[in-house]
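Subject: Structure for you to look at

Hello,

Here is the structure I said I would pass on. Please open it beside this message, and then read my notes below.

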Number of protein chains: 2
Amino acid sequence: MADIKRVAVLGSTGSIGRQTLEVISALPHHFSVIGLAAGKNTSLLAEQISQFKPKFIYFQDKNPPTGAKCEFLSLEEMASHPEVDIVVLATSGRWGLKSTLAAVKAGKRLALANKESLVMAGEIITKEAKLNKSQILPVDSEHSAIFQCLEGEKQKAAKIILTASGGPFRGYSPTQLAKVTPEQALKHPSWQMGQKVTVDSATLMNKGLEVIEAGWLFDMPFDNIRVLVHPQSIIHSMVEFADGSVKAQMGMPDMRLPIQYALTYPERLENTTLPRLDWDNIKELNFEPPDFDSFPCLKLAIEAGKKGGTYPAALCAADETAVELFLSKRIKFTDIPRLVGQALAEHKSTTQPTPEEILAIDSQTREKVKKMVGDSL
Amino acid sequence: MADIKRVAVLGSTGSIGRQTLEVISALPHHFSVIGLAAGKNTSLLAEQISQFKPKFIYFQDKNPPTGAKCEFLSLEEMASHPEVDIVVLATSGRWGLKSTLAAVKAGKRLALANKESLVMAGEIITKEAKLNKSQILPVDSEHSAIFQCLEGEKQKAAKIILTASGGPFRGYSPTQLAKVTPEQALKHPSWQMGQKVTVDSATLMNKGLEVIEAGWLFDMPFDNIRVLVHPQSIIHSMVEFADGSVKAQMGMPDMRLPIQYALTYPERLENTTLPRLDWDNIKELNFEPPDFDSFPCLKLAIEAGKKGGTYPAALCAADETAVELFLSKRIKFTDIPRLVGQALAEHKSTTQPTPEEILAIDSQTREKVKKMVGDSL
C-alpha cells in the first residue's frame with residue numbers, strides 16, 4: 001500500500017474543489033484531506049468538514065461553518081504547511097497568486113487549477129518553483145494533456161497544439177454575439193465549470209489565458225503554440241516533437257481525470273467512477289481554425305502574453321471585471337473584448353514586476369474598467 | 001556531437017530498407033551504414049553499396065553485385081556482429097525469424113519491421129530479448145505509436161487501440177470482394193509498402209498480425225487489444241491507461257518517421273525531409289468498427305493468436321502462400337481467408353515450439369495450402 005498523501009484543497013466549494021474531493025473519495029487508500037479552504041459558501045464547507053474531517057480550515061465569511069473544530073490557517077499558511085503533501089489550488093482569479101507563491105516557495109507539489117496566477121506572474125512562479133523543487137502539475141485539461149504527452153520525452157516540444165471547444169457561440173457573427181445573454185453564455189457545450197471560466201470559454205479569453213499559461217509551464221515561445229478548435233473536446237491537446245511526431249491526450253470532457261492525474265502522477269490509478277471514451281460512439285473528431293475576428297479576446301490575450309511585463313496582469317484584471325459587468329447585465333457580451341482591448345491599449349507596463357506590483361496593477365485596472373463603463377460597482 | 005551509430009540494414013532493397021537508407025542519408029552525423037543485406041535485387045544493392053560503402057554485405061543471388069569489395073556475412077552473422085550497433089530487420093516473411101533471434105541473442109538494438117518473426121515466435125523472441133537485454137523497437141507505424149505513447153509511463157497500458165486504414169476495399173461486400181484483382185489490391189489508400197503487406201492490408205490480415213505482434217511486444221492479452229478503423233491513417237494507434245486517459249500518436253502516413261524513431265530512441269531528431277501534419281488541412285478524423293464479416297482474416301488471425309502454439313506460424317505460412325497464389329492470379333481475393341481458415345482448421349499445434357519446429361510447420365503449411373488449390377507452384 002502506498003503512503004497516504006495529505007491534500008489541502010484551496011477553493012474546496014468551487015467546481016474544481018468539489019471534483020477534487022470526489023476524486024479523493026474514490027481513492028481513500030491513497031489520499032486524505034488535511035485542509036479545506038473556501039470563500040463564502042460556509043454551509044457547503046461545513047458539509048465537507050463533516051465528511052473529510054480536515055485538520056486545517058480557512059474561510060472568508062465572517063460566520064464560521066457550523067460544527068467546525070479545526071485549526072484556522074490563512075491560505076498562505078495552509079499552502080506551505082509542513083504537514084501538507086499536495087496543494088490543490090482551485091481558487092479563482094487573483095486570489096490564487098499569493099497562495100501559489102507560498103506553495104512553490106515551500107517546495108510543495110502544486111496541482112494548479114488557478115490559471116490567473118500563472119498568467120499574471122508566470123516568470124516569478126516558475127522561477128521559484130525551480131529554485132525550491134516544487135512540482136507544478138497542471139489541472140486544466142489542456143495543460144494536463146500536454147504534460148502527459150511530454151512525460152518520458154527527452155526533449156521539450158517543438159510545438160504545442162492547444163485544442164479549444166470553440167465555446168457555445170462557435171460560428172456566431174459579431175452581430176449575433178452582441179445579443180448574447182449571460183444565461184446563454186453560462187451554458188458550455190462540453191465542460192462543467194465555474195461561471196467566470198465558462199464566460200471566458202465563450203469569449204475564447206479562456207483559451208488565450210491558456211496560451212500564456214502553456215508558455216510558462218512548458219517554456220514555449222508563443223509563436224510555437226497553436227490554438228485549434230475541436231468541438232468534441234475529446235482531444236485535450238497535442239504536442240509536436242522535433243521529428244514531426246505528434247502525441248495527443250484524449251478523454252471524456254471531465255475535469256476529474258486531470259485532477260486525479262495531478263494527484264497521482266507519475267502513477268495512474270484505476271478509478272471506476274471516471275468515464276471512459278467509448279469508441280463505438282465516436283464516429284468523428286473535427287477541427288477548424290479559431291475565428292479571431294468574432295472572438296478578439298484570443299488575440300488580445302496572446303498579444304498581452306507576448307508583450308509580457310504587467311500586460312498579462314492587466315489583461316486578467318480587465319477581463320475579470322468585464323465578465324462581472326456582463327454577468328450583472330451592465331454591458332454586452334461584445335463589450336468584454338472592447339473593454340479589455342481599451343484597458344490594454346492604455347496600460348503602462350513595467351518589466352520584471354514584483355508580486356506586489358502585479359497586485360497593484362490588478363486593482364488599478366479593475367478600477368479603470370469600472371470607470372470606463374461609468375460604473376462604481 | 002553524439003557517437004555515430006553503425007546500422008546494419010537487413011532487407012535493404014525492399015520498401016522499408018530503402019526508406020531506412022533515406023533516413024540515414026538525412027542524418028549523416030548520427031548514423032552510418034555498416035551492413036547491407038538484400039535478396040535478389042543485386043543491381044539496387046550495388047547502387048546502395050557505392051553510396052553507403054558498408055563493411056559487410058549479404059545477398060541471395062548467385063551473381064554478386066558489381067564492384068562490391070565488402071566482407072560477405074550470413075544474415076545471422078550480420079545481425080549479431082560486434083561492430084553493429086543497430087539491426088534494422090526489414091526482410092519480409094519467415095526469412096526474418098533466424099536473423100531476429102540472432103540479433104536479440106546478441107543483445108542488439110533491433111528495429112523490427114519483419115512482423116512474421118514476432119507472430120511466429122513471439123514467446124521465444126521476447127524471452128531472449130529480455131534475457132540478453134536486447135531492445136526491440138517496433139518499426140510498424142502502429143506499434144511505434146503504442147511504444148511512443150507508453151514512453152515514460154510507470155504502468156503498462158490497460159488497453160491498446162490499434163488503428164487500421166480499412167484498406168482499399170473498406171465498405172465492399174463479399175460479392176464485390178470476390179471480383180477484386182491483384183492490381184486493385186496493390187493500390188493502398190494511405191501507405192506505400194511492399195506487395196505482400198499491401199495485400200495483407202486489403203484483407204485486414206495485416207491488422208490481425210499486428211494484433212498478435214502487439215500482444216507480444218506490449219505483454220497485452222488479446223482481449224485488451226481493440227482494432228478501430230480510421231481511414232485517414234493520421235492516428236497511428238492509441239493506448240488507454242488505468243485511469244481512462246488515452247494517448248494517441250499521430251503523423252503523416254510515412255514509414256520514415258517510425259523508422260527514424262526506432263533509430264534515434266530515446267532521442268528525437270529534427271529531420272526536414274519528413275512530412276508534418278498540417279492542421280489547416282485536417283478537418284476531420286473518422287472512426288468505425290472493422291467489418292469482421294467481409295474481412296474474415298482479421299478474426300482468423302486474432303483466434304490463432306489466442307490459441308498460440310504453432311497456430312500463428314501456420315497462419316503466417318498459409319497467408320503468405322495464399323497471397324502469392326492470389327498475386328499470380330491462381331485464386332480469388334476471397335479465397336485467401338478461405339484457404340487460411342481451412343489450413344488453421346486442419347492444423348495440429350504443439351505447445352512451446354522451438355524455432356526449428358516453427359519453421360517446419362511453416363514449410364508443411366505452405367505445401368498443404370498449395371495442395372488445397374491443386375497446385376504445385
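In which loop of chain A is A:Pro266 found? A:Pro266 is found in the loop of chain A between H11 and E12. B:Pro266 is found in the loop between helix H11 (256–264) and strand E12 (284–286) of chain B.

Before going further, please note that this is a predicted model. Chain A averages a pLDDT of 94, and 98% of the residues score at least 70. For the complex, the predictor gives an ipTM of 0.95 and a pTM of 0.95.

The two chains

Chain A is superposed on chain B by a rotation of 180° with 0.0 Å of shift along the axis, and the RMSD is 0.0 Å. That is the relation of a two-fold axis. The same surface serves both copies, since 100% of the contact residues of chain A recur in chain B.

Chain A has an open sheet of seven strands, in the order E4-E3-E2-E1-E5-E6-E7, and the pairing is parallel. Strand E4 (71–72) and strand E7 (135–138) of chain A stand at the edges with a single partner strand each, so one side of each is left without a neighbour in the sheet. Strands of a sheet pair through backbone hydrogen bonds, either parallel or antiparallel. As an example, take strand E1 (residues 5–10) and strand E2 (residues 31–38) of chain A, which run parallel and are joined by six bridges. One residue to look up there is A:Arg6, whose bridge partner in E2(A) is A:Ser32.

Helix H11 (residues 256–264) of chain A lies across E1, E2, strand E5 (86–89), strand E6 (109–112) and E7 of chain A. The helix runs at about 175° to E6(A).

The sheet shared by both chains

Which strands make up the open sheet of eight? The order is E9(A)-E8(A)-E10(A)-E11(A)-E11(B)-E10(B)-E8(B)-E9(B), and the pairing is mixed. The edge strands are strand E9 (225–229) of chain A and strand E9 (225–229) of chain B, each of which pairs on one side only. From one strand to the next, the twist averages 20°. In chain B, strand E8 (residues 159–164) runs parallel to E9(B), and five bridges join these two strands. B:Leu162 has B:Val227 as its bridge partner in E9(B).

The contact between the chains

The contact takes 44 residues from chain A and 44 residues from chain B. The size of an interface is often given as the accessible area lost when the parts come together. Here the area buried between chain A and chain B is about 4,000 Å², and carbon and sulfur atoms give 47% of this area.

Side chains of opposite charge can pair when their charged atoms come close. A search of the whole structure finds 48 salt bridges over all chains, and eight salt bridges are found across the interface of chain A and chain B. One pair to look at is B:Asp243 and A:Arg268, whose side chains meet in a salt bridge at 2.9 Å, N to O. This pair crosses between chains: B:Asp243 is in the loop between strand E10 (235–240) and strand E11 (246–250) of chain B, and A:Arg268 is in the loop between H11 and strand E12 (284–286) of chain A.

One more residue

A:Lys53 is found in the loop between helix H2 (42–52) and strand E3 (56–59) of chain A. Phi of A:Lys53 is near 45°, which is a positive value in a residue other than glycine.

Regards

Definitions and conventions
Residues numbered from 1 in each chain as written. Chains lettered and ligands numbered in written order. Predicted model: local features only at pLDDT ≥ 70, side-chain atom pairs only at ≥ 80, totals over all residues. Heavy atoms only, no water. Least-squares fit on C-alpha atoms with pLDDT ≥ 70 in both. Contact = heavy atoms within 4.5 Å. pLDDT = per-residue confidence, 0-100. Pairing = 2+ DSSP bridges. Helix = DSSP H or I, 4+ residues; strand = E, 2+ residues; numbered from the N terminus. Axes fitted to C-alpha atoms, helices over the stretch in contact; angles between N-to-C directions. Buried area = accessible area lost by both parts, 1.4 Å probe. Salt bridge = Lys/Arg side-chain N within 4 Å of Asp/Glu carboxyl O.
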